[in-house]
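Please open the model in your viewer and keep the sequence panel beside it. The tour below goes from selection to selection, with a short note on what is found at each stop.

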Amino acid sequence: MLRDRDLLLAQLHELRSEHRDLDTVISRMGHETTFIDQLYLQRLKKRKLLLKDQITKVESLLIPDDIA
């Protein structure tokens with residue numbers, strides 16, 4: 001059980017890291033004054049949303065089901 005939790009925490013760390021990296025890239029692209037590939041930017045934003053959904057799912061798995 002502890003190993004599963006450790007794996008979930010590691011996965012959560014990776015997902016959050018990638019989400020943060022994408023946020024940085026998207027933000028920098030938004031400040032660019034040169035040509036921006038809108039399709040690429042849209043794909044990055046979709047990936048970021050997918051990561052957010054995965055983060056939420058993993059976080060919910062880490063919350064105990066004990067309801068008092």
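Burial is described here by relative accessible area, computed with a 1.4 Å probe on protein chains only: buried means under 20%, exposed means over 50%, and partly exposed lies in between. This is a predicted model, in which local features need pLDDT of at least 70 and side-chain atom pairs count only at pLDDT 80 or more, while totals for chains, interfaces and linings use all residues. Residues are numbered from 1 along each chain as its sequence is written, and side-chain values use heavy atoms, with hydrogens and water left out.

Start with Thr56, which lies in helix α2; helices are DSSP runs of H or I with at least four residues, numbered from the N terminus. With a relative accessible area of 42%, Thr56 is partly exposed.

Now select residues 2-30, helix α1, together with residues 38-62, helix α2, whose axes come within 9 Å and cross at roughly 155 degrees. The axes are lines fitted to C-alpha atoms over the stretch in contact, and angles run from 0 to 180 degrees between N-to-C directions. Angles over 145 degrees count as roughly antiparallel, and α1 and α2 are therefore roughly antiparallel to each other. The residues of the contact of α1 with α2 divide into 16 nonpolar, three polar and nine charged. Here Ala, Val, Leu, Ile, Met, Phe, Trp, Tyr, Cys and Pro count as nonpolar, Asp, Glu, Lys and Arg as charged, and the others, Gly among them, as polar.

Next, select Leu12, Leu15, Met29, Leu41, Leu44, Val58 and Leu62, which touch the most other members among the 13 residues of the largest nonpolar core. Such a core is a set of buried Ala, Val, Leu, Ile, Met, Phe, Trp, Tyr and Cys residues joined through side-chain atoms within 4.5 Å. Keep Val58 highlighted and look for Leu8, Gln11, Leu12 and Leu15, which Val58 touches when residues up to four places away in sequence are not counted; contact means heavy atoms within 4.5 Å.

Move to His19 in helix α1. Is His19 buried or exposed? His19 is buried, with a relative accessible area of 19%, and, again leaving out residues up to four places away in sequence, His19 touches Lys48, Leu51, Lys52 and Ile55.

Arg43, in helix α2, counts as exposed at 55% relative accessibility.

Conventions
Helices (H or I, at least four residues) and strands (E, at least two) are DSSP runs, numbered from the N terminus. Angles under 35 degrees count as roughly parallel, over 145 as roughly antiparallel, 65 to 115 as roughly perpendicular and the rest as oblique.
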